[in-house]
Amino acid sequence: TIESVRGCPYQCTFCEIGDKYFQKIAKQSNEKIYKELDWISNNKIEFFYNADSNFGLFPEHLDQVRYMTDLKKKTGYPNTMRSDWAKAKADKVTDLAKLLTDAKMMKGITIALQSMNPEVLKAVKRKNVDGGKLKEFIDLYRDKKLISYIELILGLPMETVESFKNGVFQILDLEYNDYIGIYPMTALPNTPFFDPEYIKEYEIDIVETTPAFYHHENADLLKDETEYMVVGSKTMSREEYVEASMWKWLFMFGYNLGHLQHIAKFIKSIKKVSYKEFYEKFYTYMIDNPNSFIGKEYLKTKITIEKILKKENLWGRSVKATGNFHWEFDEATSINIALNRDEFFGNVKDFLSQFNLNKNIE
């Protein structure tokens with residue numbers, strides 16, 4: 001890990017460095033960062049993390065990217081890096097992202113939205129990306145052939161099931177084709193989520209669970225550990241949080257991992273069915289068909305989430321074919337789809353029958 005700038009000008013309530021204490025910006029010199037990058041290169045370090053809260057915010061960041069990409073060309077190291085991108089400078093980071101992309105050093109530019117609901121953003125003291133110019137910057141990245149990924153948080157105060165769903169549909173309607181990451185809300189101790197007044201104002205519901213880790217198989221190492229998760233507020237009951245989590249699961253396996261993405265696009269193009277209508281109908285289909293493959297996946301996932309919130313289960317789901325390895329819920333379903341393709345696509349074909357498609361299309 002390296003850190004060229006410490007501090008953050010924003011006050012997001014879900015973040016520990018949103019405190020005023022951390023708003024003071026302290027910079028490292030380029031020369032010091034260059035020495036650290038030299039050490040990384042000389043010691044053949046494959047991957048490093050830049051811990052700046054807003055990478056790309058300052059002119060020095062471009063100098064540092066030029067230096068690290070030159071090192072990779074000369075020595076092959078570092079191979080890749082990750083950073084948290086500047087939240088309000090989407091058009092200013094393209095030069096950095098282009099250099100890193102050409103050097104095959106990054107996975108994508110973060111578009112950290114957290115929510116599309118203005119009431120939520122007000123409650124967490126945050127402005128959305130670039131004053132609402134989301135489509136402009138999505139198009140900019142696409143034109144420059146730069147990969148991006150959007151981040152959302154499930155469990156923020158003032159969010160409802162409908163506003164959460166509609167926020168994702170709003171993004172899909174922009175024909176955004178990269179990745180949307182949706183993350184559960186962890187209540188961190190040094191944030192307003194542990195402030196009694198803030199908790200009272202938004203009626204925040206916090207439960208103790210095991211850590212929200214995935215991709216592990218050492219359950220005994222995690223079962224006695226603790227994490228505090230926000231699972232409701234005055235606008236979202238715990239039961240509604242579970243429902244929103246099921247929508248998150250559907251968006252993640254259906255859209256992000258591709259199992260319904262192109263089908264939804266096709267139905268939209270020939271039947272003028274919106275993404276909202278398509279996914280809402282599919283959600284209803286799963287509930288109405290509990291004995292189908294996808295209906296069983298829905299029920300298994302929901303039951304697992306309910307147990308997790310009672311600290312009766314670890315986060316994620318294990319899949320019998322992969323042993324005791326714990327996957328994210330959408331990944332577990334995707335593995336099961338791969339193992340049961342005929343059943344899944346049989347369900348999809350049955351679901352699509354309501355759209356009166358030409359038999360040649362079916």
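Student: What volume does the largest pocket have?

Tutor: Keep in mind that this is a predicted model. The largest pocket comes to about 1300 Å³.

Student: Ok, and which residues lie nearest its centre?

Tutor: Those are F14, D84, Q114, E151 and I153, out of 45 lining residues. The elements that put two or more residues into that lining are β3, β4, β5 (109-114), β6 (148-154), β7 (179-184) and α8 (238-256).

Student: Which element gives the most to the lining?

Tutor: β7, with five residues.

Student: And how does the lining of the largest pocket split by class?

Tutor: There are 24 nonpolar residues, twelve charged ones and nine polar ones.

Student: What do β3, helix α2 and β4 make together?

Tutor: A right-handed β-α-β unit, with α2 spanning residues 60-75.

Student: Switching topic: how many salt bridges are there?

Tutor: The count is 16. One of them joins the side chains of D139 and R142, at 2.8 Å from N to O.

Student: How far apart are D139 and R142 in helix α5?

Tutor: They are three residues apart in α5 (residues 134-143), so about one helical turn separates them. R142 is partly exposed, at 39% relative accessible area.

Student: What about E162 and K276, what's the N to O distance there?

Tutor: Their side chains meet in a salt bridge at 3.8 Å. This pair links distant parts of the chain: E162 belongs to helix α6 (residues 161-172) and K276 to helix α10 (residues 275-288), 114 residues apart. E162 is partly exposed, with a relative accessible area of 39%, and K276 also counts as partly exposed, at 29%.

Student: And the salt bridge between E208 and K311, where do those two residues lie?

Tutor: That salt bridge is 3.0 Å from N to O. E208 is in strand β8 (residues 205-209) and K311 is in the loop between α11 (293-309) and β10 (317-318), so the pair ties together parts 103 residues apart in sequence. E208 is partly exposed at 38% relative accessibility, and K311 is partly exposed at 30%.

Student: Which residues do salt bridges with shared partners join into one network?

Tutor: E162, K165, K276 and E280.

Note on methods. Residues are numbered from 1 along each chain as its sequence is written. This is a predicted model: local features need pLDDT of at least 70, side-chain atom pairs count only at pLDDT 80 or more; totals for chains, interfaces and linings use all residues. Side-chain values use heavy atoms; hydrogens and water are left out. A crossover is right-handed if, with the strands pointing away from the viewer, the path from the first strand over the helix to the second runs clockwise. Helices (H or I, at least four residues) and strands (E, at least two) are DSSP runs, numbered from the N terminus. On a 1 Å grid over the protein atoms alone, a cavity is a set of points where a 1.4 Å probe fits but cannot get out, and a pocket is an open set with protein on both sides within 12 Å along at least five of seven lines; lining residues have an atom within 4 Å of a point. Grid points are joined across faces, edges and corners, and a volume is the space filled by probe spheres set on the points. Ala, Val, Leu, Ile, Met, Phe, Trp, Tyr, Cys and Pro count as nonpolar, Asp, Glu, Lys and Arg as charged, and the others, Gly among them, as polar. A salt bridge is a side-chain nitrogen of Lys or Arg within 4 Å of a carboxyl oxygen of Asp or Glu. Buried means under 20% relative accessible area, exposed over 50%, partly exposed in between (1.4 Å probe, protein chains only).
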